[in-house]
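Open your viewer and keep the selection tool ready. We will go stop by stop.

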Amino acid sequence: MSFVRTYTKPKVFGVTVLAALVLGALAGFLAKSAGLTWLTTTLGRIGDVFTSLLQFTVIPLVFTAIVVGITSLRRLGSNRAARLGGKTLLWFAITSLISVLIGLAIALVFKPGAGVQVEPSQAAVERLAARDPGSWGTLLETLIPSNLFAAFTEGEVLQVVFVSVLVGFAAYALGDRAAPFVNLTRSVFDLIQKVVGWIILLAPIGVFGLIGTAFATYGNSFVRPLFSLIAAVYGGSLLVLFVVYPVLLRFVGHVSPKTFFGKAWTAIQFAFVSRSSGATLPLSRQTAANLGVDPDYASFAVPLGTTTKMDGCAAVYPAIATVFIANLFGVQLGVWQYVAIVAVAVFGALATAGTTGWFTMLTLTLGAVNMPPEVIATGVAVVYAIDPILDMVRTATNVTGQIAVPVLVARGEGLIDDEVLNSPSEPPLLNGPRETGTSGTAPGTGTREVVRV
């Protein structure tokens, strides 16, 4: 037990993950340069197992978290709940607008892709061209499942979100009559959180395999010529992460950025290595509560943000990647095409729900600026080669926004407990499960969740 306690301390866990990152990169370079097929295969299997562990938790997490979140708003009253929902969506849009403008500014100043010569494999182009591109029509067509259970068994996250919202509001409307269902859903959510807590402990092993596979597969053949894209995406994402959010937290949320990152770092770090906002959801939700956000509101806002609030994947990245692909193929973008990029980032975040959100959002943006289909397919195939490297910082940025926005809204609504905010708290899910208490009431349960700090 002493080893587990030491291992789960934030600094020890962080250093372990960083060491795994470096060792994985070195192992990948070794496998690539020395032609060690067995090492490449081993790294791939490690990464695949870790990814599978994360993915199988996403669907039940999304469903149970959204249902629990919506029903938790009953304690706050219907009028206040509606106001909170509106303000949350407004701040989602505001921060998305800021993020996409930063992405465009970086792309226009540094011109990633200009003068770059990259030729993707024909197989990659054909494989990606065969996938359904992002479009408003596709979004509407796939929003409503033809079969309730198919949405869950086929892993259609957007459809699961739709079903979850309907069920959540139905349970909200039924009140005490839905209490048994709400209690069961809350229990399942707690069970999934426990499983995710165990998976988090495997993060160093998982990141070793994922990073190793990326370097063993691609090496320098794609990373070096595409370094301008990597630098632009990381630069834009880090500006949003470490400049935009801290400024908003300081002057709008009246929260010290040091306090925010001190409590949110475990969730941000896990998002970086796991590349999954959905798998990070329990950590994000508990982090928001540890920052003093009312637990009932956090239970609603964070799951909503997990599926619709993606400043990395839906704003910074598609803006930079679209300009990169345009520069790569010598396509000149006009003023109205830049306006289209901004509009898609602000209003199209819902299309990013799911593990392939970056693909949907990028192809949706490329289609909005009228890129030829062959350019879209080839351009996406080029950036796909380094997507694991880009996805890390994109997801970390997504998760930071999913925690920061509820803090901003909660401050404006008087739903932040400053005593909890300024008190030390354990890293979410690393040092044991979240506890429940009776300091309030949750809808139809007679109890209210309380995160002990």
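**Stop 1: the whole protein**

Show the surface. The accessible surface comes to about 18,800 Å². Carbon and sulfur atoms account for 65% of that surface. Of the 453 residues, 58% are buried. Now think about contacts between residues at least 6 apart in sequence: 83% of them join residues at least 24 apart.

**Stop 2: colour by confidence**

Colour by pLDDT, the predictor's confidence in each residue. The mean is 81, and 82% of the residues reach 70 or more. Which elements have the lowest and the highest mean pLDDT? Strand β1, residues 436-437, has the lowest at 38. Helix α11 has the highest at 95. Select residues 432-453 next. The pLDDT is below 50 over this stretch. The stretch still has 61 contacts in the model beyond near neighbours in sequence. Where pLDDT is low, the predicted coordinates should not be read in detail.

**Stop 3: a nonpolar patch**

Select Leu-238, Leu-239, Phe-242, Val-243, Val-247, Phe-251, Val-252 and Trp-265. They form a nonpolar patch on the surface. Together they have about 710 Å² of accessible area. Which helix gives the most residues to the patch? Helix α11, residues 227-251, gives 6. Trp-265 sits in helix α12, residues 257-274. Trp-265 counts as partly exposed because its relative accessibility is 40%.

**Stop 4: two positive phi angles**

Go to the loop between α11 and α12 and pick His-254. Its phi is positive, about 50°, although His-254 is not a glycine. At 55% relative accessibility, His-254 counts as exposed. Now move to the loop between α12 and α13, where Arg-275 lies. Arg-275 is not a glycine either, and its phi is positive, near 60°. With a relative accessible area of 27%, Arg-275 is partly exposed.

**Stop 5: inside helix α14**

Select helix α14, residues 295-308, and find Ser-299. Is Ser-299 buried or exposed? Ser-299 is buried, at 1% relative accessibility. Its side chain makes a polar contact of 3.0 Å with the side chain of Arg-285. Thr-306 is in helix α14 too. Thr-306 is also buried, at 3%. Leaving out residues up to four places away in sequence, Thr-306 touches Ser-277, Gly-278, Leu-281 and Gln-402.

**Stop 6: salt bridges**

Side chains of opposite charge can pair when their charged atoms come close. The whole structure holds 8 salt bridges. Start with Arg-80 and Glu-413, whose closest N and O atoms are 3.6 Å apart. Arg-80 is in helix α4 and Glu-413 is in the loop between α19 and α20, so the pair ties together parts that are 333 residues apart in sequence. Arg-80 is partly exposed at 25%, whereas Glu-413 is buried at 8%.

Next, select Asp-311 and Lys-309. Their side chains meet in a salt bridge of 2.8 Å, N to O. Asp-311 is buried at 0% relative accessibility, and Lys-309 is buried at 0% as well.

Finish with Arg-394 and Asp-391. Their salt bridge is 2.8 Å, N to O. Why are they about one helical turn apart? Because they are 3 residues apart in helix α19.

Definitions and conventions:
Residues are numbered from 1 along each chain as its sequence is written. This is a predicted model: local features need pLDDT of at least 70, side-chain atom pairs count only at pLDDT 80 or more; totals for chains, interfaces and linings use all residues. Side-chain values use heavy atoms; hydrogens and water are left out. Patches are made of residues with over 30% relative accessible area and no salt bridge: like charges are joined within 9 Å, nonpolar side chains (Val, Leu, Ile, Met, Phe, Trp, Tyr) within 5 Å. Accessible areas come from the Shrake-Rupley method with a 1.4 Å probe; for residues, only the protein chains shown count as cover. A salt bridge is a side-chain nitrogen of Lys or Arg within 4 Å of a carboxyl oxygen of Asp or Glu. Helices (H or I, at least four residues) and strands (E, at least two) are DSSP runs, numbered from the N terminus. Buried means under 20% relative accessible area, exposed over 50%, partly exposed in between (1.4 Å probe, protein chains only). pLDDT is the predictor's confidence in each residue, from 0 to 100. Contact means heavy atoms within 4.5 Å. A polar contact is a pair of N or O atoms within 3.5 Å; within protein, one must be able to donate a hydrogen and the other to accept it, and residues adjacent in sequence count only if both atoms are side-chain atoms.
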